[in-house]
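Thank you all for coming; I would like to walk you slowly through one model today. Please keep the sequence and the structure in view while I talk.

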Amino acid sequence: MSVSAVVACVGAAVWLLGGRQGGARRARLLLAGGGVVATGPPPWEEALGRLRRLGGRLRAEWWSLAAGLVLALLGASVIPVVAGAAGVPLLRRLRRAREDRTAREGRVDAVIGLCGALAGEVRAGRQPGEALLRAARDCGGLGDAQAAVVAAARFGGDVPGALTVAARSPGAEGLSGLAACWRVAVDQGAGLAAGLDRLDGALRAERDQRADLRAQLSGARATAVLLAALPVLGLLLGSAMGAHPLHVLLHTGAGLGCLVVGAVFEAVGMWWVTRIVREAEAA
């Protein structure tokens, strides 16, 4: 309490002195030059902005190491630092998997939008090549594969082949159906718009089915996260009761044994739940 009071008093004194010096400096400038002084944001706002920018640059996995450092200072042990460092690659892998899933979902939406826009352009009376150029210009999200398809359509290249190559990207598998519709329409003179409508409906139904399955599995994920966070809650309760759980876990033989066994069970449980959810999504 005394240390906190001293820190608070020092901070208040620095803030007051800084405010007075800033006010005196502005007064001297006004009296000397008679001009307008441009005042910037307060120092605490600048410091908060720097912290926010620093937090934005840091990846999520580095917070594991930061948490390990904090626990190491509280528990006077290097074990939390080692555990936090070991969690960095795991969290990086999870972050990249989440980013890949987001990119895949974005490609799925882009393919559906491309099919709908292309069907509308064909119905408007445009030729397939011109219609594809306009639809691709209005609908983005396919990345480099879209550039190859647009180039093939613009310069008279192999559009179905470019679509087939682009369909190899995760989430863009629907482009293989678009390539089949294109071949049938160009080689046999069939209606391209009708095939695109059926393809668009099938892709939308598949996307809705995946979204519904993901919503049903969200409860299982939330339960797994809650169960994984229970040991942290136990540590907080033990600290509030004065039992010093960090000291017991990090500085006694029985505590270290319980920590290792608990960590193993925690990891196996999370792996098991994740595997069950992935198998359900794959099915």
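This is a predicted model: local features need pLDDT of at least 70, side-chain atom pairs count only at pLDDT 80 or more; totals for chains, interfaces and linings use all residues.

In helix 3 the buried residues are S64, G68, A72 and G75, where buried means under 20% relative accessible area, exposed means over 50%, and partly exposed lies in between, with a 1.4 Å probe and protein chains only. Residues are numbered from 1 along each chain as its sequence is written, and side-chain values use heavy atoms, with hydrogens and water left out.

Back to helix 3, then. Seen down the axis of helix 3, its buried residues fall within an arc of 80°, so they line one face of the helix; the arc is that of the directions from the helix axis to the C-beta atoms. In general, an α-helix has 3.6 residues a turn, so residues three or four places apart point the same way. The face of helix 3 turned away from the buried side carries the exposed residues L73 and L74.

What do the buried residues of helix 3 pack against? They pack against helix 4, residues 79-123, and helix 10, residues 245-251, where contact means heavy atoms within 4.5 Å. As for length, helix 3 covers residues 62-75, and its 14 residues should span 20 Å at 1.5 Å a residue, which agrees with end C-alpha atoms that are 20 Å apart; the expected span is 1.5 Å times one less than the number of residues.

Let me step back to the whole chain. The protein has 11 helices and zero strands, both being DSSP runs numbered from the N terminus, with helices as H or I of at least four residues and strands as E of at least two. Of its 283 residues, 23% count as buried. The accessible surface comes to about 18,800 Å², with 65% of that belonging to carbon and sulfur atoms, and these areas come from the Shrake-Rupley method with a 1.4 Å probe, only the protein chains shown counting as cover for residues. Among contacts in the protein with a separation of 6 or more, residues 24 or more positions apart account for 51%.

Now to two loop residues. Most residues other than glycine have a negative phi, and most peptide bonds are trans. A76, however, has a positive phi of about 55° although it is not a glycine, and A76 is found in the loop between helix 3 and helix 4. Is A76 buried or exposed? A76 is exposed, with a relative accessible area of 59%. H244 likewise has a positive phi of about 55° without being a glycine; H244 sits in the loop between helix 9, residues 192-240, and helix 10, and counts as exposed at 56% relative accessibility.

Next, a pair of helices. The axes of helix 6, residues 144-154, and helix 7, residues 159-166, come within 8 Å and cross at roughly 175°, where axes are lines fitted to C-alpha atoms, for helices over the stretch in contact, and angles run from 0 to 180 degrees between N-to-C directions. That makes helix 6 roughly antiparallel to helix 7, a term for angles over 145 degrees, whereas those under 35 count as roughly parallel, 65 to 115 as roughly perpendicular and the rest as oblique. At this meeting place A145, A148, V149, A152 and A153 in helix 6 meet V159, A162, L163 and A166 in helix 7.

V159 and W182 are 23 residues apart in sequence and 8.1 Å apart in space, C-alpha to C-alpha.

L132 brings us to helix 5, residues 128-138, in which A131, L132, A135 and A136 are buried. They cover an arc of only 125° around the axis, which puts them on the same side of helix 5, while the face turned away from that buried side carries the exposed residues R137 and D138.

I will finish with D200, which lies in helix 9 and is buried, with a relative accessible area of 13%. Leaving aside neighbours within four places in sequence, D200 is in contact with I112, C115 and G116.
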